[in-house]
Amino acid sequence: MTTAIHLCTPDDAEQLLDLMARCHAEIGLKRDDAQRRAATLPLLDGAPQGAAYLFGPRRAPTGYMIVSFGWSIAAGGMDAMLDELYVRPGVRRRGIAAEVLIAIASALRDGGIKALHVASVADPAIQALYARAGFCADSTVLMTRRF
């Protein structure tokens, strides 16, 4: 593995929140800085519901990943959902995302996670990325009710 990955702590908040703002602007997710901060800081303080990772050089990360944790009878225990994955536009299509997904999946498996899920948009390039990282479509359809 060539891409450095590290688990975020409160010291990483500003770098992570900056990348998140870029990601959200790119995909049209309507969240302001205060909302992002409120949703993210508990993860950096060790909340058991999820984890945030930065990857690339520590001083100038190339991207981030957010994973949330849950429990699944079907999976046989604790599972995880890839909530967000972002790679800076200037370094995309170099295999960084697939490399990071494979490494994080391996670390989660070694930590006892039974399954890692991802909800994908209907974009062939994004679906191909997930397939390269070992994800496969199953018969489920993610449906959401927002509150």
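Helices (H or I, at least four residues) and strands (E, at least two) are DSSP runs, numbered from the N terminus. This is a predicted model, in which local features need pLDDT of at least 70 and side-chain atom pairs count only at pLDDT 80 or more, while totals for chains, interfaces and linings use all residues. Residues are numbered from 1 along each chain as its sequence is written, and side-chain values use heavy atoms, leaving out hydrogens and water.

Let's look at the pockets. A pocket is an open set of points on a 1 Å grid over the protein atoms alone, where a 1.4 Å probe fits, with protein on both sides within 12 Å along at least five of seven lines; its lining residues have an atom within 4 Å of a point. Volume is the space filled by probe spheres set on the points, which are joined across faces, edges and corners.

| Pocket | Volume |
|---|---|
| Largest pocket | about 1700 Å³ |
| Second largest pocket | about 700 Å³ |

Around the largest pocket there are 46 lining residues, and I27, D83, E84, L85 and Y130 lie nearest its centre. Several elements each supply at least two residues of this lining, among them α1 (13-27), β3 (63-72) and α4 (124-132). Which strand gives the most to it? That is β4, with seven residues.

The second largest pocket is lined by 20 residues, and H117, V118, F135, C136 and A137 are the closest to its centre. Here β5 (115-118) and α4 each supply at least two lining residues, and β5 gives the most, with four. By class, this lining has 14 nonpolar residues (Ala, Val, Leu, Ile, Met, Phe, Trp, Tyr, Cys and Pro), one charged (Asp, Glu, Lys and Arg count as such) and five polar (the others, Gly among them).
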